[in-house]
Amino acid sequence: MINRLLLLGFSLTLAALPLRAELPPSLIAPAYQLVPGQNDAAWQPLLAALKAKSPILATFKERRFFPFKKNPVVLTGEIRLDPALGLSLHYQVPEERILVVDDRGGFMRNGKGQRLHDLPDDPRAQAATRALLHVMRFELGELARDFSVYAARDGADWRFAFVPLPGPLANVLQPITVTGQDELVRTLEMKKSAAERVFIQIGETRTHVTFNSTELTRFFR
Amino acid sequence: MTPDHQTSIARVLLLFFAVTGLSWLSGLNFSEKISTNVADLIPTDERSPEISLLRSLADERQARVLLFALNAPASSATPPDAAATLFAATLRQSPLFTEVAPLRDTASHDALGRFIYERRLDLLLPTWLATQKKAYATTGRPASDYTAWLAQKTVQSLDAFLAQPEASAFQALVKSDPLLLVPTLAQQSQSLAPSTSAATGQALVWARLSVSPLADEGQDPVFAVIDQALSTVRLAHPGVTLEWSGVNRFAADSKHRIRAELSWLNTLSLLAVLAIALLFVRQVWKALHLVPVILFAILGGWVAVTLFFTHVHILVFVLGALLAGVAIDYGFYLYLQPPLRPGEPYREKLDRLLKPLLTSCLTTVIGFSFLLLSELPLIRQLGVFVSAGLLSALAAAIFYFAQIKNPFLQARVLSLPKTPTPASRRLVRALGLLALAVALTGPWFLKWHDDIHQLDVPNPALVTNDQRLRTLFGDTEGRSIYITRADSLVAARDRLAAFQTWHDHAFPGAALASVGLILPTETDYLAQPARLAALQDFEPRLRAALDQNGYTPDSFAPFFQAWRQHLSVLSTLSPQLSTSAYTSLGADLQARLTGPLGMLFFTGGKQVWFLSLADHPPAVQPPADLGTVGTDQLQTLNTLFSRYRASALRLSLCGLGLIGLSVFVLYGLRRGLRIFMIPSGACFLAFGLLGLTGHTLNLFHLLGAFLGVCLSHNYAIFSAENAGRGEPPPISIRLSALCTAASFGVLALSHIPVVAALGSTVALIVLTALIMVELEPLSRKN
């Protein structure tokens, strides 16, 4: 049989070249570390609220900072999160693309809804994809397997930092910081350094939305 | 010659033939001589290039791949990766396996990625330069603007790339590769990347055998190694289960099933013939005298076919079982003919029966000999088997009955009206008109379709298992796989380039990926120094363009350093750049393609192969001069078999024409016409019935028809002999036809579709011919 997986592995290899992450300062300190089952009791109500979110639809603005570019590249679009179906990022500007991430992996569609390609099938990339989904779902138990979790809050405002544990995942995923207010996520940041990071700002958010069949077909698997 | 003398000579001849034949057969290595490989049904010198290519591919690598999926115990939710690693390590210890690779082991992919990145300017820059030059040529601008244009276009491409969501995965590469050589290649490959996400609870292992899966050593010994490896794994990981698939499983299963078919078909056939004999023969034990005739016929067929052919397909022996039905004709005819007078010597009896015997045998042999001209080895082998078997049967019948005391077997006579009456004439004529209508109209409704799958015994369980394994390994529908092959690396890469051009026109917008595209064509590789010489000021221009577009040019220092170094190396090596340097680059790439990656670009049988994947369902095939074919070639094989059917039809018609001609020469126009009408009428009537009942026919229906016509031709000759003497048709015809119909009717029960097709057609034609022979005298006027 001709194994089509080969090309996948080959492409993944090329995609897996980013360098090892560096720990950002601030929140990442022992005083803020959250260990499930040990010191997370005070966080459980918020985590439960975040985890039990109904389907949401929000706008987002993504700024990509590259070390070789003076200004960030800005992408905007909509984000859809369904507890069962996964995460869907609908990039609208500058180019229309849809990135779907769910329990079975991830794939990209173009603006016409045509499936362009699956995300790399490499176990490292799959782990990274799964991690992103767990972050969005605030599945702390799952996250603790691959990340050190840090958290702080000030009234209704909160902030989490997820730092990949040393190992294969740390090669492909950078520390992730998520901030929010009450039950809503406001920003996500994946940061390697000040000059090399992705900052996503969540705009208007609608909770308890119902995706119609057209949306389900277009934006999820 | 005295009767005793005659007996002695006959026995010596029979003994000589038996000893010689059995000695020859006992000296054969049957596992080498008899093939169960479907590919052996296709001529080795098949003129269709795609078929010879596929034959080679099947022999070379593709058929040797085995796919394994290890399932975690029900209590575990995670794939048994450790078990897969142990399983792979155990298989590697066997010399029967060349390569074994757990799919989660990314070492080979990582090594390839590093190699491509480090050699990106050697590998990818020549093609990039050629593409840019071609694009610039379409602008119509002067050559002096080329460098500035290229610098600006490079930055525009970079802008567009960074605006893509997936660009962040490559950002670490961009500083050393602003030309986007590696990211572009990766994206082209990613667009075709399948998903093994179906394998949620499994750990997958890919392996390649060092032996042919079609040979015995590639089957049972391999199965034993796999069982042993699984046992080893279960010691450390209890509860792990294994699913696997490979060509050797299909081949072994097919072999066992065909052998089983041979066994039960022959047994049932023998029982059917015995039942007929019990019905028609008074002293059944005397019918045992017919057994040696059949055995000699089969011995003659085996000896001849193994003598003439290096490899004989096992289907010949399955189909060859039909020889018993034909061979028994001569025995019946000799044995059932009563003596003209009490004490008539055997020699006298033989003299009067020899003409019809020789006529029927030799004309049938001539007909079957035409099959030797067929392109299809199976048909040629069948032609030799049946021809030699019939000659042996006739000789054996003549000599065998010469050495027994009373060579006459009395048969029960079924009471059919002996003289025609007006009512019987009306009935027979009405039936004749009906048959004529069916024979003339039915064939127009015939549908023909040849399918190579019909040559095998289907095993739905294995097919389902194989499909499941392929799905786990990411093999999905909706994509096409192409194979490009040539005698050298340079030629293969040129063909791949030509195929890529064709593909881009035939399937606009559909991505095409191939490891071969990593390598430049030799033309672009050798043109590189000259093309780079025209870009001496590319670095300052690119720096300026980057700065103008919001980039920090110094960030790209790794690229500019690599660029200068590449120019320097090229200026040193430029005079020495040659085909050998190019071949060496290809060899370096190929050396990194280990495990499953090795299936994408390999050298075998003095040929270089590239595999390409295209993001569209199989459709039109590339032109033959591109040296590239799609792997959805079973359809092509079906087309090929249709071509063989047309060829077999021509040969059959020629054979039948010759048989008819010889009958006209020997029996004159009037009797010859009567003789010829029975087999041809029976054939048309059978095809008419099949057409009207909506059957779809194939090559083997045609072969069955040819055989059926030859058999009914015998009956026509024997009955014509009796008719000439004013006697009813000999009882031997009835017995022979019913035996043949019974044994071929048994073949119709076969699970192998082509055997069933052949059996049902022969049985139908023979029965039709018998009815015509029996009823024809009743239509005559007194």
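This is a predicted model: local features need pLDDT of at least 70, side-chain atom pairs count only at pLDDT 80 or more; totals for chains, interfaces and linings use all residues.
In chain B, helix H20 covers residues 489-506, and its 18 residues reach 25 Å from the first C-alpha to the last, which is close to the 26 Å expected at 1.5 Å a residue. The buried residues of this helix are Leu489(B), Ala492(B), Arg493(B), Arg495(B), Leu496(B), Ala497(B), Phe499(B) and His503(B). An α-helix has 3.6 residues a turn, so residues three or four places apart point the same way. The buried residues of H20(B) pack against several elements of chain B, among them strand E8 (480-486), helix H21 (522-533), helix H24 (579-591) and strand E11 (607-614).

Most residues other than glycine have a negative phi, and most peptide bonds are trans. In chain A, however, a cis peptide bond joins Val93(A) and Pro94(A), with omega at about 5 degrees, and Pro94(A) lies in the loop between strand E4 (86-93) and strand E5 (97-102).

A positive phi is found in Asp182(A), a residue other than glycine, where the angle is near 50 degrees. Asp182(A) is placed in the loop between strand E10 (176-181) and strand E11 (184-193) of chain A, and it counts as exposed because it has 12 C-beta neighbours inside 10 Å.

In chain B, Leu180(B) likewise is not a glycine, yet its phi is positive, at about 60 degrees. The loop that holds Leu180(B) runs between helix H9 (171-174) and helix H10 (181-190) of chain B.

Conventions
Residues are numbered from 1 along each chain as its sequence is written. Chains are lettered from A and ligands numbered from 1 in the order in which they are written. Helices (H or I, at least four residues) and strands (E, at least two) are DSSP runs, numbered from the N terminus. The expected span of a helix is 1.5 Å times one less than its number of residues. A residue is buried if 20 or more other C-beta atoms lie within 10 Å of its own, exposed if 12 or fewer, and partly exposed in between; C-beta atoms are placed from the backbone. Two residues are in contact if their C-beta atoms, placed from the backbone, lie within 7 Å.
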